[in-house]
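Visitor: Please take me inside for a close look at one part, and then at the packing around it. I would like the cut-offs along with the description.

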Amino acid sequence: MNWGTTMTERKAGDVLSDGALDALFAEARFAEPDLPDGLTARILEDAQMVQAERLAAEARPPEPVRRASLWQRFVRGIGGAPALAGLGVATMAGLWLGVMPPAFVTSGVSAITGTTTSYSPYMVDSTSAFDFIVDETSSTGG
Amino acid sequence: MAFDDPDAIPDDALLVLYANGDAEAARQLTTRLAPRVLAQAARILGDRAEAEDVTQEAMLRLWRIAPDWRQGEARVTTWLYRVTANLCTDRLRRRRGGTRDVNDMPEIADDAPSADQRMQQDARMDALQGALNELPDRQRQAVVLRHIEGLGNPEIAEILEISTEAVESLTARGKRALTRILSGRRDELGYDDD
């Protein structure tokens, strides 16, 4: 092979010419390594493995969508846990106001309606109206 | 699937066929692309076993990306050269300071030259590899892609993720360095002073 240099060029300066270097590159380009059989087999095994993994993933049935319970839907409907906490607080406050109304509530109602009411948890009627009717009936002998 | 003329099918179309479950497409892609990956890796790493590992890893990444490949957006070869370059860079960083043996170079495929010719060719390729090994990593990658793989500067710029001007600079400096190194190894190249 002519390496792009003449003997004169080589002797003069002893430097590799561009032509010689290009010829060396060209030789390397055409001397690409053969693909070893073992490597080919490993590459194709990988290809099959990846293909099988993907096909298996596609064939797998999707996870069933679990329907939310009534309670979960209620909580979600009112705005989640913070809203639920607020609702609880409001409920307790309402209950407390109903059982133990502050004085300004009862006086305010009296001023509007012109009636006087008093309230004590001990004044709850422990006898139902039905019991009263039963008593009436039995005392009249009916 | 059997291909009447496999060479007529573009790489990206083969990749889509592979993603759709075609095993023959994988074989065609391997035959077409793996030798180029192996050559690139071997020239950059100067080590046969490592080059084979890189080739397998680069092809594995190709198989994995196949379902997401968008036809027409990038060339498969460019993508593969880039993956190979990055894998080689990682390995070179890991073994920084280690030694490389040019005798680990891949065997040379040729048209049955005589024993003398074969030995002389092996000696030249070893000398070239030895000189390539002395270049800085980026210079070596640019020189291999430009002068041995025969790619254009814009494609190399895309592969190495640098500007075209930077590629020109790297290859020019690389060639100058190779000339300097190989000038001292004329006997290995078969330039006997007679």
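Guide: The largest cavity has a volume of about 30 Å³ (the space filled by probe spheres set on grid points joined across faces, edges and corners). This is a predicted model, where local features need pLDDT of at least 70 and side-chain atom pairs pLDDT 80 or more, while totals for chains, interfaces and linings use all residues. Residues are numbered from 1 along each chain as its sequence is written, chains are lettered from A and ligands numbered from 1 in the order written, and side-chain values use heavy atoms, without hydrogens and water.

Searching the whole structure gives one cavity of 30 Å³ or more (points on a 1 Å grid over the protein atoms alone where a 1.4 Å probe fits but cannot get out, lined by residues with an atom within 4 Å of a point). Its lining consists of Leu33(B), Arg36(B), Val37(B), Thr77(B), Leu80(B) and Tyr81(B). Helix 2 (23–45) and helix 4 (76–94) of chain B are the elements that each give two or more residues to this lining (helices are DSSP runs of H or I, at least four residues, numbered from the N terminus). By class, the lining has four nonpolar residues, one polar and one charged (Ala, Val, Leu, Ile, Met, Phe, Trp, Tyr, Cys and Pro are nonpolar, Asp, Glu, Lys and Arg charged, the others, Gly among them, polar).

Leu33(B) also leads us to a helix pair, as it is one of the residues of helix 2 of chain B that meet helix 1 of chain B (contact means heavy atoms within 4.5 Å). On the helix 1 side are Asp11(B), Leu14(B), Leu15(B), Leu17(B) and Tyr18(B). The two helices pack at about 145°, with axes 8 Å apart (axes are lines fitted to C-alpha atoms over the stretch in contact, and angles run from 0 to 180 degrees between N-to-C directions). Their crossing is left-handed (the near helix is turned anticlockwise from the far one by less than a right angle; clockwise is right-handed). This contact divides into eight nonpolar, one polar and two charged residues.

Between the chains, the axes of helix 2 (residues 18–30) of chain A and helix 6 (residues 137–148) of chain B come within 9 Å and cross at roughly 80°. Helix 2 of chain A and helix 6 of chain B are therefore roughly perpendicular (65 to 115 degrees). Phe25(A), Ala28(A) and Arg29(A) meet Val143(B), His147(B) and Ile148(B) there, giving four nonpolar, one polar and one charged residues.

Conventions. 1 Å grid on protein atoms, 1.4 Å probe; cavity = no way out; pocket = protein on both sides within 12 Å on 5 of 7 lines; lining within 4 Å. Parallel < 35°, antiparallel > 145°, perpendicular 65-115°, else oblique.
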